[in-house]
Amino acid sequence: MPPKRKASTIESNSDHDHDTASKPEAKKFKGKGAQESPDTTGKAANGQPTNKVPPVHISFPARAEGTLRLVTWNICGLAAAQKKGFKYYVEAEDPDILVLTETKVNSDPQDGTLNSRFGYRTWAISDKKSYSGTAALSKYKPLSVSTDLPGHPDPSLVNGRIVTLEFQACYVAGAEDPIGEKHLEPAFTTYIRDLDKKKPVIWMGDLNVAPTAQDLANPKPNWNKTPGYTKDETEAFKHILDPPECEEKSGKFVDIWRQRHSDDRHYTYFSYRFNCRAKGIGWRLDMFVVSERIAEKVKMCEIRSEIYGVSDHVPVIMEIESDVITGMS
């Protein structure tokens with residue numbers, strides 16, 4: 001297992017709980033089984049911090065030599081995030097590839113921080129105004145870019161959900177809720193497997209599924225009742241990771257954070273409601289999934305637990321050997 005990285009120092013710049021933003025109605029947390037009380041030490045029972053606003057000062061160790069750093073983050077609306085310290089995190093993290101989900105933009109935004117750092121920017125925009133939206137921003141020029149989902153019967157329902165960057169040695173696919181949306185899942189599963197037959201795949205984003213009981217604070221009352229933790233969703237995700245025998249030519253995938261943190265119960269989404277952040281009641285919905293054959297080239301994958309308050313999600317980062325993407329050793 002890679003060494004633990006030093007977390008950034010947390011200093012609250014406000015006591016105000018940003019409780020006005022929320023997930024779409026279908027994704028709101030159900031407060032059943034919320035037994036735990038807020039922890040006054042600044043850590044929840046699972047070890048994650050309980051701050052409700054981002055740190056004033058943010059810094060991270062430099063990326064490991066010979067690696068590229070990738071970040072996925074559901075920002076719950078770019079316009080709102082820009083007012084809450086979005087740029088300070090991006091500047092501190094300095095990723096090579098950044099995937100943003102739930103951008104809610106209606107046109108390509110002119111964000112100085114993003115434009116100056118990423119020479120190659122793709123914004124997949126929903127047909128529905130101020131809804132959904134996925135962006136893939138890269139310092140490295142991709143060979144090709146796609147915002148389509150081949151095989152899906154209605155492209156208008158795909159718009160804003162997926163961006164795929166093809167690089168010399170792999171594909172990077174950023175996606176929002178490709179499993180939970182039933183009309184997307186069959187086409188997406190076929191698509192990700194087809195890509196994997198050509199080149200290894202790094203799939204990242206807000207998958208909106210908690211794969212196992214370890215991935216949400218209150219699994220029992222939510223099982224098969226709450227979107228994101230149903231039998232259909234968890235089985236669909238499981239079958240992508242480990243295809244059934246009838247699909248013997250399909251490659252396997254690895255949920256890389258879970259592989260490296262097999263016992264941890266850490267989460268990436270905490271509802272603004274019910275004081276969930278203070279109680280440590282969350283869901284792990286945002287993740288990196290990689291083709292099994294490149295999993296050993298991942299040097300670290302961590303949840304940036306302290307970067308909360310810009311959104312109700314926190315970023316997830318991964319460092320991988322640079323040749324996986326550039327093809328150059």
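I started with helix α5, residues 185-198. I take helices (H or I, at least four residues) and strands (E, at least two) as DSSP runs, numbered from the N terminus. α5 has 14 residues and reaches 20 Å from first to last C-alpha, close to the 20 Å expected at 1.5 Å a residue. The expected span is 1.5 Å times one less than the number of residues.

The model is predicted: local features need pLDDT of at least 70, side-chain atom pairs count only at 80 or more, and totals for chains, interfaces and linings use all residues. Numbering runs from 1 along each chain as its sequence is written, and side-chain values use heavy atoms, with hydrogens and water left out.

Next I looked up burial in α5. Buried residues (under 20% relative accessible area; exposed is over 50%, partly exposed in between; 1.4 Å probe, protein chains only) include Phe188, Tyr191, Ile192 and Leu195. The buried residues of α5 pack against several elements, among them β6 (162-166), β8 (201-206) and α7 (231-241).

Then the sheet. Six strands form an open, mixed sheet, ordered β3-β4-β2-β1-β12-β11. Strands pair if DSSP finds at least two bridges between them. β3 (120-124) and β11 (298-303) are at the edges with a single partner strand each, so one side of each has no neighbour in the sheet. Five bridges join β3 to β4 (residues 134-138), and the two run antiparallel. I found Thr134 in β4 as the bridge partner of Ala124.

Last, I checked Ala45, in the segment before β1. Ala45 is exposed, at 71% relative accessible area. Ala45 and Gly280 are 235 residues apart in sequence, yet 6.8 Å apart in space, C-alpha to C-alpha.

Notes:
Contact = heavy atoms within 4.5 Å.
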